[in-house]
Amino acid sequence: MPMTILISAVIQLRGVDLVVMIRPVLSDLWPQYGLTIFTPRLELRLPRGEELAALAHLAGKGVHRAEERPFLTPWTDGGPENRARSVLQGHWSQLAGWSVAAWQLGLGVFHHGQPLGVVTLRARDFLVVREVATSSWLGIEHQGKGYGTEARVGLLTLAFDHLDARVARTEVFQDNHASQGVSRKLGYEHDGVSVDARGDEALVSDRLRLTRQKWTQQNRHPVRVDGITACRPMFGL
């Protein structure tokens, strides 16, 4: 049987001491689990238990067409089970490796409780450089509906409006027209190129950069961020 840990607390009611059993929650120890970003249609939050399994299964079914290679990650290599397990490993690795100096926040994207994909905000030496980077994937059946743009706006709201980032960056293959379109729509500007090796192939990506100034000039749908106060020490703020 699973073990439940209970903490007792004593409160006084009309002069009588009462022992109250308090059930601790995961966010007490890892406050990122209490962080939720609400956009008009979506919730972005750390997945738990079966939600993580559902996201992994979604990735296993595919995040792009077989004839395309829009990501450096080889999503079409191996079978669905291997792809699903890579999502689990990546999620656990991000949590285990968290530090103020280098962190990655991978949030599940949910629409009325249904998992759609994952968006990630990451930074290194954030307290000095005040720059973040973003990446994302959506299950193939959820693409083309504006969810990717909406989820990115949620992440950027967290970065600029609550973590005080100065710059957000992303890197996109030059032939990944969907992601290029999202970035341009949100005000990113060209900031050079990068070259990565995929096997024996050299792949060129556009480096794109969004400044706080450009961000504040945009009209956007409202976004609400809950639970950020408890998370601030985890970001070194």
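**View 1. Helices H2 and H3 are oblique to each other in this predicted model.** The axes of H2 (residues 49-60) and H3 (residues 80-96) cross at roughly 135° and come within 7 Å. The crossing in which H2 passes H3 is right-handed.

**View 2. Side of H2 facing H3, with the residues that meet.** From H2, the contact takes in Leu 52, Ala 56, His 57, Ala 59 and Gly 60. Their partners in H3 are Pro 80, Arg 83, Ala 84, Val 87, Leu 88, His 91 and Trp 92. By residue class, the contact of H2 with H3 holds eight nonpolar, three polar and one charged. Arg 83 of H3 is in the contact, and Arg belongs to the charged class.

**View 3. His 112 in the loop between strands E5 and E6.** Strand E5 covers 102-111 and strand E6 covers 114-124, with His 112 in the loop between them. The phi of His 112 is positive, near 50°, and the residue is not a glycine. Most residues other than glycine have a negative phi. His 112 has a relative accessible area of 77% and is exposed.

**View 4. Asp 125 in the loop between E6 and helix H4.** Helix H4 spans 126-129, and Asp 125 lies in the loop that runs between E6 and this helix. Asp 125, although not a glycine, has a positive phi of about 55°. With a relative accessible area of 43%, Asp 125 is partly exposed.

Key. Residues are numbered from 1 along each chain as its sequence is written. This is a predicted model: local features need pLDDT of at least 70, side-chain atom pairs count only at pLDDT 80 or more; totals for chains, interfaces and linings use all residues. Side-chain values use heavy atoms; hydrogens and water are left out. Axes are lines fitted to C-alpha atoms, for helices over the stretch in contact, and angles run from 0 to 180 degrees between N-to-C directions. Helices (H or I, at least four residues) and strands (E, at least two) are DSSP runs, numbered from the N terminus. Angles under 35 degrees count as roughly parallel, over 145 as roughly antiparallel, 65 to 115 as roughly perpendicular and the rest as oblique. A crossing is left-handed if the near helix is turned anticlockwise from the far one by less than a right angle, and right-handed if clockwise. Contact means heavy atoms within 4.5 Å. Buried means under 20% relative accessible area, exposed over 50%, partly exposed in between (1.4 Å probe, protein chains only).
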